[in-house]
Amino acid sequence: MIAVIGAGPVGLTAALVLARDGVPVTLLERGPALGTTSRASTFHPATLDLLAGLGVADEFIAQGRKVHDLQWRSRTGALLTRMSFDAISGRTAHPFRLHAEQTVLTPLLLRRLTAEIRWNTAVAEVHQDGDGVELITNNGTVRADYVIAADGAHSTVRTALGLDFPGKEYPTYALRVITTTELDRLLPGLSPMTYFRDPVQSCSVLGLPDHWRVILRLPHTADPAAVAVEALLHKALPTLADRIEVREAHTYRTSRRVIDDYRVGRVLFAGDAAHLTSTAGGMNMNCGIHDAVDIATALSHVVNGDHGSALLDEAARRRRNVVTDHVIPASEARVSGVDGQAGSVDAAVRELAATASNPIEAARYLVRASMLDSAPRYPAPTLEGSVAP
């Protein structure tokens with residue numbers, strides 16, 4: 001039996017892959033039910049392709065908002081450049097980004113999962129030997145052949161094993177403003193994923209089915225308690241701010257952290273338990289889902305006797321390399337030149353415009369931005385359209 005710790009999108013995906021491949025799996029979740037907190041909301045084409053293999057993409061897409069192009073605009077709303085996902089239509093079955101709450105996805109994954117789920121079960125201790133792993137929980141002891149730890153940034157499994165989570169906080173923090181004002185009505189033609197770039201104050205706007213998010217990045221020296229939301233909106237979006245009704249606003253800090261090894265004996269790590277990066281582009285959460293598919297598929301091959309355990313080492317190295325070589329550079333590049341001297345912002349915009357004007361370069365950019373260059377490539381049966389159990 002394989003134990004998966006954590007019933008977020010990463011843990012549920014891992015458990016679903018294992019169950020699909022006929023591997024006995026038990027899911028342990030410290031909470032009483034699925035989480036309801038609004039967190040990540042961006043799903044890339046590569047992720048949608050993987051979710052299609054698990055039979056949940058169509059229903060998920062129906063509940064989200066498709067993003068068919070990326071736009072860059074000045075803070076007054078003038079269009080600077082754009083890239084259409086049509087450029088990668090030959091590389092993916094889903095040539096668009098999807099904006100939807102992760103709390104929309106998790107029930108869909110849970111509905112398809114036929115594995116045992118133990119709610120209100122928190123892991124306190126982890127002991128392993130050559131034959132398996134013993135998990136000491138508040139609800140008794142669980143014995144597993146292997147464990148996938150997908151229990152988040154504050155992973156109790158990682159802590160129980162005494163593992164470091166090296167890294168550092170980013171020098172900026174984010175302000176997320178929530179509004180039900182339809183920004184594309186205020187600015188016709190506005191894409192649900194638009195980057196406003198200006199030396200005065202940059203921001204990004206994301207359109208979801210029932211609200212929009214405005215994301216601003218502030219220097220770490222700024223006092224979060226003293227943030228003047230309305231003033232910042234006027235600074236970033238002077239032609240729109242007076243008509244934006246703020247429903248909610250909060251700040252959050254981000255870190256860059258990566259565990260040294262995704263495999264420690266019979267325990268494998270995935271998602272936030274293994275890595276944290278900039279939230280720009282939602283790449284960290286998407287990467288976590290990719291971790292789940294990659295690691296769980298490798299584990300199913302090992303458990304089913306198709307391969308030796310060296311396959312797990314390969315998957316662990318591969319997933320860590322994806323974060324260090326692809327996700328961190330790409331997510332950090334998204335915020336480079338966001339706020340700074342006019343020269344750096346202008347140079348970043350000119351470079352993007354040159355890329356967008358070259359079909360080959362635009363496709364290359366969108367392949368990276370869509371995570372198609374780093375997603376797992378295991379073949380998987382297509383379950384889309386089948387009846388959920």
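Modeller: A contact, as I use the word here, means heavy atoms within 4.5 Å of each other. This is a predicted model, in which local features need pLDDT of at least 70 and side-chain atom pairs count only at pLDDT 80 or more, whereas totals for chains, interfaces and linings use all residues. Residues are numbered from 1 along each chain as its sequence is written, and side-chain values use heavy atoms, with hydrogens and water left out.

The protein has 11 helices and 20 strands, taken as DSSP runs numbered from the N terminus (H or I of at least four residues for helices, E of at least two for strands). Among contacts between residues at least 6 apart in sequence, 74% join residues at least 24 apart. Of the 389 residues, 52% are buried, where buried means under 20% relative accessible area, exposed over 50% and partly exposed in between (1.4 Å probe, protein chains only). The C-alpha trace spans about 65 × 45 × 35 Å along its principal axes.

As for the charges themselves, there are 38 positive and 42 negative side chains, with the centres of the two sets 4 Å apart. Lys and Arg count as positive, Asp and Glu as negative, and His and the chain ends are not counted; each charge is placed at NZ of Lys, CZ of Arg, CG of Asp or CD of Glu. Side chains of opposite charge can pair when their charged atoms come close. The structure holds 15 salt bridges, a salt bridge being a side-chain nitrogen of Lys or Arg within 4 Å of a carboxyl oxygen of Asp or Glu.

One of these joins Asp198 to Arg75, with the closest N and O atoms 3.7 Å apart. This pair links distant parts of the chain, 123 residues apart: Asp198 sits in the loop between strand S14 (193-196) and strand S15 (203-207), and Arg75 in the loop between strand S5 (69-73) and strand S6 (79-84). Asp198 has 16% relative accessibility and so counts as buried, whereas Arg75, with a relative accessible area of 22%, is partly exposed.

Glu182 forms a salt bridge with Arg185, the closest N and O atoms being 2.2 Å apart. Here Glu182 is partly exposed at 39% relative accessibility, and Arg185 is exposed at 65%. In the salt bridge between Glu245 and Arg247, the closest N and O atoms lie 3.2 Å apart; Glu245 counts as partly exposed at 44% relative accessibility, and Arg247 as exposed, with a relative accessible area of 52%. Elsewhere, salt bridges that share partners join Asp291, Asp294, Arg318 and Arg319 into one network.

Arg176 deserves a separate word. This residue is found in strand S13 (residues 167-179), and although buried, Arg176 has no salt bridge, the nearest side chain of opposite charge being that of Glu248, 6.7 Å away. Leaving aside residues up to four places away in sequence, Arg176 touches Arg39, Arg213, Val214, Ile215, Glu248, Ala249, His250 and Tyr252. Glu248 is thus among the residues that Arg176 touches, yet the two form no salt bridge, as Arg176 has none.
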